[in-house]
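Subject: Structure handover and notes

Dear colleague,

Please find below the structure that I said I would pass on.

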Amino acid sequence: MRWKEAVKRGEIAFLTHYWLDDRFGDIRTVTKVGCSDLERLTAWCVSHGLNPRYIHHNPSYPHYDLFGPVQKQILELEQQWDQIERFKL
């Protein structure tokens, strides 16, 4: 709920959860980086070297999915230590 509220306020918000998809092998978590302000989310993507073309334009909760090595790297840059520890990234 906190993630949804932060996204709606136009903040950059992080939510990591378990995720299984056979297309991605051993990857078991994904982090959704959400923000309802698409300009801000786009700028955030560009500042982290991510292609904003892959933003999921969900009407209520626009977000960018992070997984694999990039997920941990960006969570570290953003000092999201609790998510790194909780999911043993």
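Helices (H or I, at least four residues) and strands (E, at least two) are DSSP runs, numbered from the N terminus. This is a predicted model, in which local features need pLDDT of at least 70 and side-chain atom pairs count only at pLDDT 80 or more, while totals for chains, interfaces and linings use all residues. Residues are numbered from 1 along each chain as its sequence is written, and side-chain values use heavy atoms, with hydrogens and water left out.

Three strands form an open sheet in the order 1-2-3, with antiparallel pairing; two strands pair if DSSP finds at least two bridges between them. Strand 1 and strand 3 (63-66) are the edge strands, each pairing on one side only. Ignoring direction, neighbouring strands of this sheet are turned by 25 degrees against each other on average. Axes here are lines fitted to C-alpha atoms, for helices over the stretch in contact, and angles run from 0 to 180 degrees between N-to-C directions.

Strand 1 and strand 2 (residues 29-34) run antiparallel and are joined by six bridges. Leu15 has Lys32 in strand 2 as its bridge partner, and His17 stands opposite Val30 in strand 2. On the other pairing, strand 2 and strand 3 are antiparallel over four bridges, and Thr31 has Leu66 in strand 3 as its bridge partner.

Strand 2 is largely enclosed by the rest of the structure, because six of its six residues are buried. Buried means under 20% relative accessible area, exposed over 50%, and partly exposed in between (1.4 Å probe, protein chains only). In a regular strand the side chains alternate between the two faces of the sheet. In strand 2 both faces are covered: Thr29, Thr31 and Val33 are buried on one side, and Val30, Lys32 and Gly34 are buried on the other.

Helices on the sheet

Helix 2 (residues 38-47) lies across strand 1, strand 2 and strand 3, at about 30 degrees to strand 3. Helix 3 (residues 69-77) also packs on the sheet and touches strand 1, strand 2 and strand 3. The direction of helix 3 makes about 50 degrees with that of strand 2. Contact means heavy atoms within 4.5 Å.

The largest pocket

The largest pocket has a volume of about 260 Å³. The search ran on a 1 Å grid over the protein atoms alone: a cavity is a set of points where a 1.4 Å probe fits but cannot get out, and a pocket is an open set with protein on both sides within 12 Å along at least five of seven lines; lining residues have an atom within 4 Å of a point. Grid points are joined across faces, edges and corners, and a volume is the space filled by probe spheres set on the points.

The lining of the largest pocket consists of Arg2, Trp3, Ala6, Glu11, Ile12, Ala13, Phe14, Leu15, Thr16, Asp82, Gln83 and Arg86. Helix 1 (2-8), strand 1 (13-18) and helix 4 (81-86) are the elements that give two or more residues to it. Strand 1 gives the most, with four residues. By class, the lining has six nonpolar, two polar and four charged residues. Ala, Val, Leu, Ile, Met, Phe, Trp, Tyr, Cys and Pro count as nonpolar, Asp, Glu, Lys and Arg as charged, and the others, Gly among them, as polar.

Leaving out residues up to four places away in sequence, Gln83 touches Phe14, Leu15, Thr16 and Leu89. Arg2, in helix 1, counts as exposed at 74% relative accessibility.

Loops and positive phi

Asn58 sits in the loop between helix 2 and strand 3 and counts as partly exposed, at 32% relative accessibility. Asn58 and Glu5 are 53 residues apart in sequence, and 15 Å apart from C-alpha to C-alpha.

Most residues other than glycine have a negative phi. Gln79, which is not a glycine, has a positive phi of about 55 degrees. Gln79 is in the loop between helix 3 and helix 4 and is exposed, with a relative accessible area of 56%. Lys88 also has a positive phi, near 50 degrees. Lys88 lies in the segment after helix 4 and counts as exposed at 73% relative accessibility.

Regards
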